[in-house]
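Thanks for passing this one along. Here are my notes, written to be read side by side with the model.

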Amino acid sequence: MRQPQEIERLYLDFDGFFASVEQQMRPSLRGRPVGVVPFSGGKASCVIACSKEAKALGLSNVMPVREAKAKCPDLVLIPQSPDLYRRAHNALLAEIESVVPIDAIKSIDELTCKVDRRQRHDPERLATRIKATLAENIGRYVTCSIGFAANRQLAKIACKMDKPDGVTIWHPQEMPAPLFKVPLDDIPGVGSRMQRRLLLAGISNTKDLYATQPKQMRKLWRSVNGERLWYALHGFDIQAPVSERGMFGHGRVLPPESRKLDDAREICRVLLVKAARRLRRERFYCSGLWLWMLHSEDTWSANLSLPIVHDDQALLLGFQKLWNLAQSQLRKNTLIFRVGVTLFNLSPADTRQLDFLLNDDTERQRWEAINTAIDSLNAKYGKTIASIGFWPTRNLENIGGKISYTRIPSAEDFW
């Protein structure tokens, strides 16, 4: 395994991305504490993202509105605009690519680049060029923090050290001293549970973690990920294996006027259809459907095995069976706060195997042909103009295209 002796990686993290994009687009928000909320019309109970100015006043992402307002009475609440963030993300990537090739997009607001030999001797200049390009061509209110190190994982940790709008450079010959200043819970992979496990093993800080052995790390993490982390912290060029797609799903917090069972069903149905569209676009089939709901008394969930399918008709029939089960087990006046649907047990389209006990291939092909026609029609007009069954006209705000740090929505998610 190779241990680089030069800076080879850059990690970039946009500062307060969603709120910063809002400030760039709306001059009236600039310099003010901004909180992004799920819904318009004062219905939101949670700030899902906040600006640099709000964070400086002690606010954080995923904070109750009441608590945020108590800390910052001047907080400006703005409903989320996921399609705007998607377009901003794409524009920012194009500008960064003009300076340095992007190696991997880690989330909507984080990415990593390989630093070539010409740029390694002067990382400060490279960071300055990136920031200047973004300021000139996008605007100076969307800022970023940048970390440089021998590998991606160390660059990511370095990136968090000087936020917002900072640059941190960890040369391999200076390591590991800068790493020891990082709190243990700021190391990727060290959550609250893992931190408790480490404390029981006598590891209370990053220096202690660094001094452990690879096999001990594997044992503590109960997986090979612990050993990979050891090599990453010690500056080796370690690459995580490419993850495989395991499911497609959508979830949504319901606005107050949609928390009755019948209204929640409408939204669930749309979420399922949008998940099915993603399934087909990425050329997968599924054989499992999971429905879950967070309600006033507890959490309800159930799943259903299906033939290997990807058409709306088959999935909607399965959904109706699960919904009937939910109605039989929940009281009629139960308030539903959050819903979600997940398609799992995936099969790539080119490896699909039919169930020889289920002779429905002819009918399945008909429904798939209908869905192909519907998908083509919607793609032609860039919106949902055809669907199987009803398509509600209310409470569709950002269904399937909500704010997400882990998944970058596509244009089709907003149809």
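The points below go through the cores, the sheet, the cysteines and a few local spots.

1. **Ground rules.** This is a predicted model, in which local features need pLDDT of at least 70 and side-chain atom pairs count only at pLDDT 80 or more, while totals for chains, interfaces and linings use all residues. Residues are numbered from 1 along each chain as its sequence is written, and side-chain values use heavy atoms, leaving out hydrogens and water.

2. **The largest core.** The largest nonpolar core has 39 residues, and Val339 and Leu343 touch the most other members. A core here is a set of buried Ala, Val, Leu, Ile, Met, Phe, Trp, Tyr and Cys residues joined through side-chain atoms within 4.5 Å; buried means under 20% relative accessible area, exposed over 50% and partly exposed in between, with a 1.4 Å probe and protein chains only. At least two residues each come from helix 12 (261-281), strand 12 (284-295), strand 13 (299-309), helix 13 (312-329) and strand 14 (336-348). Helix 12 gives the most, with eleven residues. Helices (H or I, at least four residues) and strands (E, at least two) are DSSP runs, numbered from the N terminus.

3. Leaving aside residues up to four places away in sequence, valine 339 touches His250, Gly251, Arg252, Leu254, Ala264, Ile267, Cys268, Leu271, Trp292 and Met293; contact means heavy atoms within 4.5 Å. Apart from this core lies another, of 37 residues, among them Val36, Ile78, Ile96 and Leu126.

4. Two strands pair if DSSP finds at least two bridges between them.

5. Strand 7 and strand 8 (residues 110-114) run antiparallel and are joined by four bridges. Isoleucine 102 stands opposite cysteine 113 of strand 8.

6. **Is arginine 152 buried or exposed?** Arginine 152 counts as buried, because its relative accessibility is 17%. This residue lies in helix 7 (residues 152-159). Its contacts, beyond residues up to four places away in sequence, are Arg9, Tyr11, Asp103, Ala104, Lys106, Thr112 and Gln239.

7. **Cysteines.** How many disulfides does a search of the whole structure find? It finds zero, a disulfide being a pair of cysteine sulfur atoms within 2.5 Å. For cysteine 113, the closest cysteine sulfur is in cysteine 144, 10 Å away, which is too far for a bond. For cysteine 268, the nearest is that of cysteine 286, at 16 Å. Cysteine 113 is buried at 0% relative accessibility, and cysteine 268 is buried at 0% as well.

8. **Helix 10.** In helix 10 (residues 214-221), the buried residues are Pro214, Met217, Leu220 and Trp221. They cover an arc of only 120° around the axis, so they sit on the same side of helix 10; the arc is that of the directions from the helix axis to the C-beta atoms. The face turned away from this buried side carries the exposed residues Lys215 and Lys219. Cover for the buried residues includes helix 8 (192-200), helix 9 (206-210) and helix 11 (224-233).

9. **Strand 2 and cysteine 50.** Val34 and Val36 point one way from strand 2 (residues 34-37), Gly35 and Val37 point the other way, and all are buried. Strand 2 runs parallel to strand 6 (residues 76-79), joined by four bridges, and pairs antiparallel with strand 4 (residues 49-50) over two bridges. Cysteine 50 is found in strand 4 and is buried, with a relative accessible area of 1%.
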